[in-house]
Amino acid sequence: MANNEDQFKKVISHAKEYGYIFGSSEIYDGLSAVYDYAQNGVELKKNIREYWWKSMVYMHQNIVGLDAAILMHPKTWKASGHVDAFSDPLIDNKDSKKRYRADVLIEDHAEKLENKAQKEITKAKKRFGDSFNETEFVTTNARVIGYREKKAEMLSTMARLLEAEDLLGVKALIEELGIVCPVSGSKNWTDVKQFNLMFGTKLGASAETATDLYLRPETAQGIFVNFLNVQKTGRMRIPFGIAQTGKAFRNEIVARQFIFRMREFEQMEMQFFVRPGQEMKWYDYWKETRLKWHHSLGLGPENYRFHDHEKLAHYANAATDIEFKFPFGFKELEGIHSRTDFDLKAHEAHSGKKLQFFDPELKENYTPYVVETSIGLDRMFLAVFSNSLQEETLEDGSSRTVLRLPAILAPVKIAVFPLIKRDGLPELAKQIIEDLKWDYNVFYDEKDAVGKRYRRQDANGTPFCVTVDHQTLEDKTVTIRHRDTMEQERIAISDISDLVSKSLSMKDWLQ
Ligand code: GAP
């Protein structure tokens, strides 16, 4: 595809054209940064959620699930620190009247230095060919070292200023770096201000008696407040985890990049409760385990990297992001945080209830430490979808659009076609569907030439197409076509299910 921006545009229009994602309330011109999942999108999303759920809950005997309510007692958010500290530093450009996150402006500026370093590396690669040693080059080349040192210094200055809540200092840094507004090109900035991201709502009928509530900005707190309920009723022993998927809401200021940053989105989170002092061991374990999960889907290991946080959230003593190479560059896909005993202790203090574990081995009570894995389901959707959408030139010079979704995630697994619309072929095709529909989401299509139908399913991400022809009437065999290789083979109708099921084995994918 031409360039990243074009590719991203193509992703967005393909998502709409093939029934994956629509803008919310489109007939009223939409609602900014809110999206609806259409007939195929809802299936892909469900399959990603299930792939995560099975790998976390069914694959770990010491992890159980939970589905807590979105609305929670308002003290929850005071205890968690979200009322006081869940805000973004904002800055406005006086000429364009555009609003930005100050930290994002600085990070984007720093990324330009990394791009310069990458350019040097690519140039050297070309110059030295096979004898190029990248590790040696990046540790000895003065330019690359210089760019990277400057970038690190910039980010650590920003982290220090934000940590100290020195908003004047953040503005001064933006001015010192000469950062300009991408729209107006001017350096005419306002002061930096903090803005809380939680959506407020009210519980109760009359204005005088109504209680102020928040829509949850993360699902994690539903897990913390249920820690003791689950531990006692499930007779769980440390270490153990609680997993949950569900909606979260944030009044994002700079909502952009399609479903990457939304105001209503879904998280898949797991809190792992451990003995104090053992959190780093588990932090490393979950970093490795989660990266393996991502790699299992085959989107290419080169598209992932860890990014350790300079500025830690108010609850964390270590944190990293798993970043993915989206069409607009490497960005956070998942967070792994060592949250200490911050949340349980805070809920103890605000509720007056003990949230401790009696460890039978140590014969003592303690407040467990927590390692959290937190991934945005919509972001994972975008990672899979954008990576899978490919434009291919075929041997005969023609091109095809193919959505190479991992088969286990594809919305429709099998499309069944009668070669023509008569001679009993449609009836036989529908009979085959009657049998397959118990195990798979199956699609029937009889419109247009078979070649055209294949292309439609390629673009839709369907891994298998089955064609019923006159030979089928005689010997009960069909043609099965594989989306990725476009290879076709003749198999018995009775073998279709087995062939497809092999490509969908959770065990094979995860291992
Ligand atoms: N409980 C920890 C937590 O919520 P976070 O880094 O703020 O941490 C976790 O969010 C993940 O949720 C992110 O890595 C991202 O995938 C997803 N996420 C966060 N904000 C989002 C938004 N506005 N739109 C879509 N996904 C979002």
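Predicted model: local features only at pLDDT ≥ 70, side-chain atom pairs only at ≥ 80, totals over all residues.
The peptide bond that joins Ile 238 to Pro 239 is cis, with an omega of about 0°.

**The ligand and its surroundings**

The ligand is surrounded by 21 residues, and the closest of them are Glu 218, Arg 250, Met 262, Glu 269 and Glu 332. Sorted by class, this shell around the ligand holds ten charged residues, together with six nonpolar and five polar ones. Strands S10 (264-274), S13 (329-340) and S16 (369-376) each contribute at least two residues to the shell, and S13 gives the most, with six residues.

| Residue | Protein atom | Ligand atom | Distance |
|---|---|---|---|
| Glu 218 | side-chain N or O | nitrogen | 2.6 Å |
| Glu 332 | side-chain N or O | oxygen | 2.6 Å |
| Gly 376 | backbone N or O | oxygen | 2.9 Å |

Taken alone, the ligand exposes 550 Å², and of that area the protein buries 93%. Two residues in the table, Glu 218 and Glu 332, are also listed among the closest residues to the ligand, and for Gly 376 the atom concerned belongs to the backbone.

**A pair of helices**

The crossing of H5 and H8 is left-handed. On the H5 side the contact is made by Ala 102, Leu 105 and Ile 106, while on the H8 side Val 170, Leu 173 and Ile 174 take part. By class, the contact of H5 with H8 consists of six nonpolar residues, with no polar and no charged residues, whereas the shell around the ligand includes ten charged residues.

Definitions and conventions
Residues numbered from 1 in each chain as written. Heavy atoms only, no water. Left-handed = near helix turned anticlockwise from the far one by under 90°. Helix = DSSP H or I, 4+ residues; strand = E, 2+ residues; numbered from the N terminus. Contact = heavy atoms within 4.5 Å. Nonpolar A, V, L, I, M, F, W, Y, C, P; charged D, E, K, R; others polar. Near = heavy atom within 4 Å. Polar contact = N/O pair within 3.5 Å; in protein donor to acceptor, adjacent residues only side chain to side chain. Areas by Shrake-Rupley, 256 points an atom, 1.4 Å probe, with all protein chains shown as cover.
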